[in-house]
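Thank you all for coming.

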Amino acid sequence: MAHVTMSHLTRMQKYWLVTGSVGPRPIALVTSLASDGLCNAAPYSAFNYMGEDPPLFAIAVDHYGDESHRPGERKDTLCNIEERGEFVVNMVDEAIVERAVLCGSDFPAHISEPEAVGLALTPSEIVKVPRIAEAPISWECKLFKVLDFSEQRSIVFGEIVAMYFRDGLLDEENMRVSIDEFQPYGRLGGPNYARTTDRVKLRVPTYLPSSGVPRE
Ligand SMILES: Cc1cc2nc3c(=O)[nH]c(=O)nc-3n(C[C@H](O)[C@H](O)[C@H](O)COP(=O)(O)O)c2cc1C
């Protein structure tokens, strides 16, 4: 068994070990609007839900590093969200995963990634930011809070105000996601991704079956 003390590592080494050991991670393809109205899209996998009432989630955005084309700058997604206070999180499945990953390329700020990679935009109802038409599920979101927790990283807390489901993905009667139909991609370390088509059901049993109901 290898034991590694984090304080002995460089920043990149910590990044590789942390991101290589937490996965598959959900991918948020975030659309946001620049001040000139240009629609930006970028994938973020430091992303997960935090609660349901209010429906909060978090996305960690690192700032462009010394090795990048824009050292020290905040990413367009973060600037746009801070400026407008609203954005859209689009989920990523097989149909759009390759184009979603392309959106992570170093496009300059004046290029609209959805247009560059061939993803169609369609208006949202509540927020002014468009969503990705091909996404299986999209969330209309308002900014809840930005936490600048280090020189290099900020956490965006967002609140979901409305959701879109592709036909067949919402079981309206039971208000559940039709989970067999929703097949998001997950990100592993580096350029590695996982499908979610191979599934198992595991129910959490109650300790005292006579007094509890298994959690769904
Ligand atoms: C699948 C995937 C997941 C990514 N996840 C993150 C992330 O969680 N945080 C981050 O800062 N960058 C992440 N990136 C890199 C950004 O997408 C990339 O820096 C992008 O160009 C930022 O664009 P923007 O300046 O338009 O916001 C990810 C890239 C890919 C391909």
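Predicted model: local features only at pLDDT ≥ 70, side-chain atom pairs only at ≥ 80, totals over all residues.

Let me begin with cysteine 141, which is buried, with a relative accessible area of 0%; buried here means under 20% relative accessible area, exposed means over 50%, and partly exposed lies in between, with a 1.4 Å probe and protein chains only. Residues are numbered from 1 along each chain as its sequence is written, and side-chain values use heavy atoms, with hydrogens and water left out.

How far is the sulfur of cysteine 141 from the closest cysteine sulfur? The distance is 13 Å, to cysteine 39, which is too far for a bond. Cysteine 79, by contrast, is partly exposed, at a relative accessible area of 31%, and its sulfur lies 15 Å from the closest cysteine sulfur, again in cysteine 39, so a bond is ruled out by distance here too. A search of the whole structure accordingly finds zero disulfides, a disulfide being counted as a pair of cysteine sulfur atoms within 2.5 Å.

Turning to the overall picture, the secondary structure of the chain comes to four helices and 14 strands, where helices (H or I, at least four residues) and strands (E, at least two) are DSSP runs numbered from the N terminus. The radius of gyration is 19 Å, close to the 17 Å that the globule rule gives for 216 residues, so the chain is as compact as a globular protein of that length; that radius is taken over C-alpha atoms, and the rule is 2.2 Å times the number of residues to the power 0.38. Of the 216 residues, 38% count as buried.

Next comes the sheet. Seven strands form an open sheet in the order S3-S2-S6-S9-S10-S5-S4, with antiparallel pairing, and two strands are said to pair if DSSP finds at least two bridges between them. Strand S3 (39-44) and strand S4 (47-49) stand at the edges with a single partner strand each, so one side of each has no neighbour in the sheet. From one strand to the next the twist averages 30°, with axes being lines fitted to C-alpha atoms, for helices over the stretch in contact, and angles running from 0 to 180 degrees between N-to-C directions.

Within that sheet, strand S5 (residues 56-62) and strand S10 (residues 153-165) run antiparallel and are joined by seven bridges, and alanine 60 stands opposite isoleucine 155 in S10. Helix H2 (residues 76-84) packs on the sheet, its direction making about 55° with that of S2. The buried residues of H2 are Asp76, Thr77, Leu78, Asn80 and Ile81, and they pack against S2, S3, S5, S6, S9 and S10. Just after H2, glycine 85 takes a positive phi of about 75°.

I will finish with two loop residues. Histidine 63, in the loop between S5 and H2, counts as buried at 9% relative accessibility, and the residues in contact with histidine 63 (heavy atoms within 4.5 Å) include Leu78 and Arg153. Serine 112 sits in the loop between helix H3 (97-102) and helix H4 (113-117) and is buried at 10%; leaving aside residues up to four places away in sequence, serine 112 touches Leu38 and Cys39.
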